[in-house]
Amino acid sequence: QTLVNQWKNCERCGLCRVRRNVVMARGSVPADVEFIGEAPGESEDVLGQPFKGPAGKLLDDMILKALQDGIEAHYGLGPAPPMLWTNLVGCIPKSEETRRKNVEPLPEEIEACRPRLDTLVRIARPKLIVAVGDLAERYSKLYGYDKKYQWLSIRHPAFLLRLDISRQGLEIQRTIVNLSAAFLEMVEKK
């Protein structure tokens, strides 16, 4: 709650002028698994929680399937490991002039929000960080998360949803397999 209060009125970059909410995180703290995406979309900006739109639903479905195929298949049913979802930036990146959505956050916007992300990683104490999408992968490596934590990079579910239907199923299955293997490795390291 302290972190939410610290960031709810953030004005560290220009995204503060176009957002409805600072989207912090959803899930558990501490968390065994922390998913780091790019930025909130329109649904997330309205609801104030990350990965709550169509891409978030697909990600949740893939996580559930990966848990079933990985941990549950090897160790039986049990509670899912605690998880946390967040983004590189806490505000929806859209142009103030055009209100255009779905733009990639600028490097200076990502850097302005880095203390928030670093704090979320520090307090979550994840065993596994999953970078969701190319931008999250690039910055997770830049910030050294791939060296400090068990780490995995996956395609962003928004990208998967835009794929031609002939490729979509295969790419979704690849993501599930990669998540499943990472979850299993995390459990085996306990």
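Gly144 follows helix H5 and has a positive phi, near 80°. Helices here are DSSP runs of H or I with at least four residues and strands are runs of E with at least two, both numbered from the N terminus. The model is predicted, so local features need pLDDT of at least 70 and side-chain atom pairs count only at pLDDT 80 or more, whereas totals for chains, interfaces and linings use all residues. Residues are numbered from 1 along each chain as its sequence is written, and side-chain values use heavy atoms, with hydrogens and water left out.

- H5 spans residues 134-142, and its buried residues are Leu135, Ala136, Tyr139 and Ser140. These residues lie on the same side of H5, because they cover an arc of only 130° around the axis. The arc is taken from the directions that lead from the helix axis to the C-beta atoms.
- Buried denotes a relative accessible area under 20%, exposed over 50%, and partly exposed the range in between, computed with a 1.4 Å probe on protein chains only.
- Asp134 and Leu142 are exposed on the other side of H5.
- The cover over the buried residues of H5 includes S2, H4, S4, helix H6 (145-148) and S5. Contact here means heavy atoms within 4.5 Å.
- Ser140, in helix H5, has a relative accessible area of 1% and is therefore buried. Leaving aside residues up to four places away in sequence, Ser140 touches Ile36, Ala131, Tyr145, Asp146 and Trp151.

**The sheet and strand S4**

- Five strands form an open sheet with mixed pairing, in the order S1-S3-S2-S4-S5. S1 and S5 are the edge strands, each of which pairs on one side only. Two strands count as paired if DSSP finds at least two bridges between them.
- Strand S4 comprises residues 128-132, and five of its five residues are buried. Leu128, Val130 and Val132 are buried on one side of S4, and Ile129 and Ala131 are buried on the other, so that both faces are covered.
- Strand S2 (residues 33-37) runs parallel to S4, and four bridges join the two. Within this pairing, Phe35 stands opposite Val130, and Ile36 stands opposite Ala131.
- S4 is also joined to strand S5 (residues 150-154) by five bridges, and these two strands run parallel. Leu128 stands opposite Gln150 in S5.

**Helices packed on the sheet**

- Helix H8 (residues 165-188) lies across S2, S3, S4 and S5 and runs at about 175° to S5. Such angles run from 0 to 180 degrees between N-to-C directions, with axes being lines fitted to C-alpha atoms, for helices over the stretch in contact.

**Salt bridges**

- Side chains of opposite charge can pair when their charged atoms come close. A salt bridge is counted where a side-chain nitrogen of Lys or Arg is within 4 Å of a carboxyl oxygen of Asp or Glu.
- The whole structure contains ten salt bridges by this search.
- One of them pairs Asp32 with Lys127, with the closest N and O atoms 3.0 Å apart. This pair links distant parts of the chain, 95 residues apart: Asp32 lies in the loop between strand S1 (26-27) and S2, and Lys127 in the loop between helix H4 (107-124) and S4. Asp32 is buried, at a relative accessible area of 10%, whereas Lys127 is partly exposed, at 37%.
- Asp118 and Arg114 form another salt bridge, the closest N and O atoms being 3.0 Å apart. Both residues belong to helix H4 and are four residues apart, about one turn of the helix. Asp118 is partly exposed, with a relative accessible area of 28%, and Arg114 is partly exposed, with 26%.
- Glu137 is partly exposed at 22% relative accessibility, and Lys141 is partly exposed at 41%.
- A network of salt bridges links Arg20, Glu42, Asp45 and Lys94.
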